[in-house]
Amino acid sequence: MRALKEADLGLSVNISTSIDGAEQCCHAAGIPRHSVGYSLGFEGRTENLPDAKVMMLSTMCGHGMVSHSLAKKMIDWVKEGRRTPAQAASYLTRFCSCGVFNPSRAQRLLEDAAQGATEKPRR
C-alpha cells in the first residue's frame with residue numbers, strides 16, 4: 001500500500017481482506033480506508049443459477065462483465081486441454097473493465113475445476 005501511495009497513480013485500489021485487515025493495512029500506509037463492500041452470497045430461488053465454479057469466476061468482476069457462459073466455456077476448455085488455466089484466466093481478465101477481477105484466483109479456480117475440486121469460502 002505504501003508503494004501504491006508513493007506511486008500516486010490516481011487509481012483506487014481494492015483490498016480483499018477482513019475489515020480489520022484493511023484498516024490495519026491502510027493505517028500502516030498512512031491512508032484512510034474509503035469504503036467497505038460485503039459479499040452476501042445469493043438468496044432465494046437459486047436453481048437457475050450456474051454451478052458454483054462458474055459463479056466464482058463470473059462474479060469476480062464488480063460490474064458483471066465476465067459472463068457466466070464465458071466462464072463455463074473457459075472451464076470446459078481447460079478440462080479439455082484446449083487452454084491452460086493461466087491462458088483462460090488471462091482471457092477472462094480482459095473483460096473486466098474495472099480491474100477487480102483477480103487473475104491469480106481465477107487461475108487457481110480453473111486448476112481446481114479441471115481436477116474436479118471446489119474452492120472453500122475463506123473467512
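Reader: What makes Glu23 and Arg33 a salt bridge?

Author: In this predicted model, the closest N and O atoms of Glu23 and Arg33 are 2.9 Å apart. The criterion asks for a side-chain nitrogen of Lys or Arg within 4 Å of a carboxyl oxygen of Asp or Glu, so the pair qualifies as a salt bridge. Glu23 lies in helix 2 and Arg33 in the loop between helix 2 and helix 3, so the pair ties together parts that are 10 residues apart in sequence.

Reader: Why is Glu80 called exposed, and why is Arg82 called partly exposed?

Author: The relative accessibility of Glu80 is 51%, and exposed means over 50%. For Arg82 the value is 47%, which falls between the 20% and 50% limits, so the term is partly exposed. These two residues also form a salt bridge, with the closest N and O atoms 3.5 Å apart.

Reader: How do you know that Lys72 and Asp76 are separated by about one helical turn?

Author: Both belong to helix 4, and their positions there are four residues apart. Lys72 is partly exposed at 39% relative accessibility, and Asp76 is partly exposed at 24%.

Reader: What makes the buried residues of helix 5 line one face of the helix?

Author: Pro85, Ala88, Ala89 and Leu92 are buried in helix 5. Viewed down the helix axis, the buried residues fall within an arc of 100 degrees, so they line one face. Their cover includes helix 3, helix 4 and helix 6.

Key:
Residues numbered from 1 in each chain as written. Predicted model: local features only at pLDDT ≥ 70, side-chain atom pairs only at ≥ 80, totals over all residues. Heavy atoms only, no water. Buried < 20%, exposed > 50% of the residue type's maximum accessible area, 1.4 Å probe, protein only. Helix = DSSP H or I, 4+ residues; strand = E, 2+ residues; numbered from the N terminus. Arc of directions from axis to C-beta. Contact = heavy atoms within 4.5 Å.
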